[in-house]
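Dear colleague,

My findings follow it, and I would be grateful if you read them with the structure open beside you.

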There are 2 protein chains.
Amino acid sequence: MNTSELITIKEVFLESDPNRGNMVILKQEGEKDRFFMMFVGDAEFAAIAKENGLVEPKRPLTHDLYLSILAKLQVDFLRIEIYEMRQETYYASVYFRVDGTEQSVDSRPSDAVALALNRKIPILVNQSLFRRRLSKEEITEYEGLLKSVKF
Amino acid sequence: MNTSELITIKEVFLESDPNRGNMVILKQEGEKDRFFMMFVGDAEFAAIAKENGLVEPKRPLTHDLYLSILAKLQVDFLRIEIYEMRQETYYASVYFRVDGTEQSVDSRPSDAVALALNRKIPILVNQSLFRRRLSKEEITEYEGLLKSVKF
């Protein structure tokens, strides 16, 4: 992976909408118009919300269980990378160091983001996965297009 | 914990009911009338169903992510214990060995069961948490009781 394509995330937002579901929005610092957005399940949403200080679950979540085990082992978490989309699915890797060797494992982006927030390690997203917030004119145009399409 | 009170589980059943939710039922081998039952969330249900060979998720679940990291570290998982209920909530511990020392961490029982099935380690449940399947006569009596109670 060419790291020059990767953008460091500074802001993680959560949005829940009864029609669209749970959304996680990642932004570069100070960036208003471009963002990375993904839909996540309830458990993954809760894990990220907990790391963001929005909820305080009474019992350890799945992440908390494993992070409490990993706290007793020799492992340094380095960073996560959300690097591509295939078949409507985003892919991520978690990078860590064991015995001086950097390793990585495959992850869903939602799990990787929760882990990164917990361990306070960088969240990197391939810039090709960023989307631009639509302007009012574009939304109007898009809605007009939708009306003209038969489903 | 007095291990004489603990029962080793040999069978893990899953049941999903639109009214009652996702249930995980744990049984001693050959035992028909007594069982341990807990309600779990969708993500925890999926993790256990995957370990039971009932579903094959396309992407790693939260458990899979962390188990793939733990596979690169020196840790031996020993057993899990579901040991008590407080305020309508079951409590469990995961036992493991690091550098020759046995350690344990707090866990929700659903996470502990998924981990145990994956690592093929014993699942132990305090016998006081077992319940007995109601007989037809008891169900009839219970339903009669319900009718006589005003809600």
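How many residue pairs are in polar contact between chain A and chain B? The count is 14, with both residues of each pair at pLDDT 80 or more. Please bear in mind throughout that this is a predicted model.

**Overall layout of chain A**

Chain A holds four helices and nine strands. Along the sequence, these elements follow the pattern β-β-β-β-α-α-β-β-β-α-β-β-α. The C-alpha trace of chain A spans about 60 × 40 × 30 Å along its principal axes.

**The five-stranded sheet**

One open sheet of chain A is formed by five strands in the order β1-β8-β5-β6-β7, with mixed pairing. Since β1 (6-8) and β7 (101-107) of chain A each have a single partner strand, they stand at the edges, so one side of each is left without a neighbour in the sheet. On average, neighbouring strands here are turned by 25° against each other, direction ignored.

Within this sheet, β5 (residues 76-86) and β6 (residues 89-98) of chain A pair in the antiparallel sense over nine bridges. Arg86(A) stands opposite Thr89(A), which belongs to β6(A).

Helix α3 (residues 109-119) of chain A lies across β5, β6, β7 and β8 (123-126) of chain A and runs at about 155° to β5(A). A helix of the other chain also packs on this sheet: α2 (residues 62-70) of chain B touches β5, β6 and β7 of chain A, and its direction makes about 160° with that of β7(A).

**The four-stranded sheet**

Another open sheet of chain A has four strands in the order β2-β3-β4-β9, and its pairing is antiparallel. Its edge strands are β2 (11-17) and β9 (131-132) of chain A, each of which pairs on one side only. Strands β3 (residues 21-27) and β4 (residues 34-40) of chain A pair over five bridges in the antiparallel sense; Val24(A) stands opposite Met38(A) in β4(A).

Two helices of chain A pack on this sheet. Helix α1(A) touches β2, β3 and β4 of chain A, with its direction at about 140° to that of β2(A). Helix α3(A) also touches β2, β3 and β4 of chain A, and its direction makes about 110° with that of β4(A).

**The interface between the chains**

The contact takes 32 residues from chain A and 32 residues from chain B. Between them the two chains bury about 2,800 Å², of which 67% is on carbon and sulfur atoms. Arg59(A), Tyr66(A) and Lys72(A) supply 26% of the area that chain A buries against chain B, more than any other three residues.

Two salt bridges are found across this interface. The side chains of Asp106(A) and Arg59(B) meet in a salt bridge, at 2.9 Å from N to O.

Which elements of chain A each supply at least two residues of its side that touches chain B? They are α1 (42-51), α2 (62-70), β6, β7 and α3. The largest share, eight residues, comes from α2(A). By type, the residues of this side of chain A divide into 19 nonpolar, seven polar and six charged.

With kind regards

Terms used
Residues numbered from 1 in each chain as written. Chains lettered and ligands numbered in written order. Predicted model: local features only at pLDDT ≥ 70, side-chain atom pairs only at ≥ 80, totals over all residues. Heavy atoms only, no water. Pairing = 2+ DSSP bridges. Axes fitted to C-alpha atoms, helices over the stretch in contact; angles between N-to-C directions. Contact = heavy atoms within 4.5 Å. Buried area = accessible area lost by both parts, 1.4 Å probe. Salt bridge = Lys/Arg side-chain N within 4 Å of Asp/Glu carboxyl O. Polar contact = N/O pair within 3.5 Å; in protein donor to acceptor, adjacent residues only side chain to side chain. Nonpolar A, V, L, I, M, F, W, Y, C, P; charged D, E, K, R; others polar.
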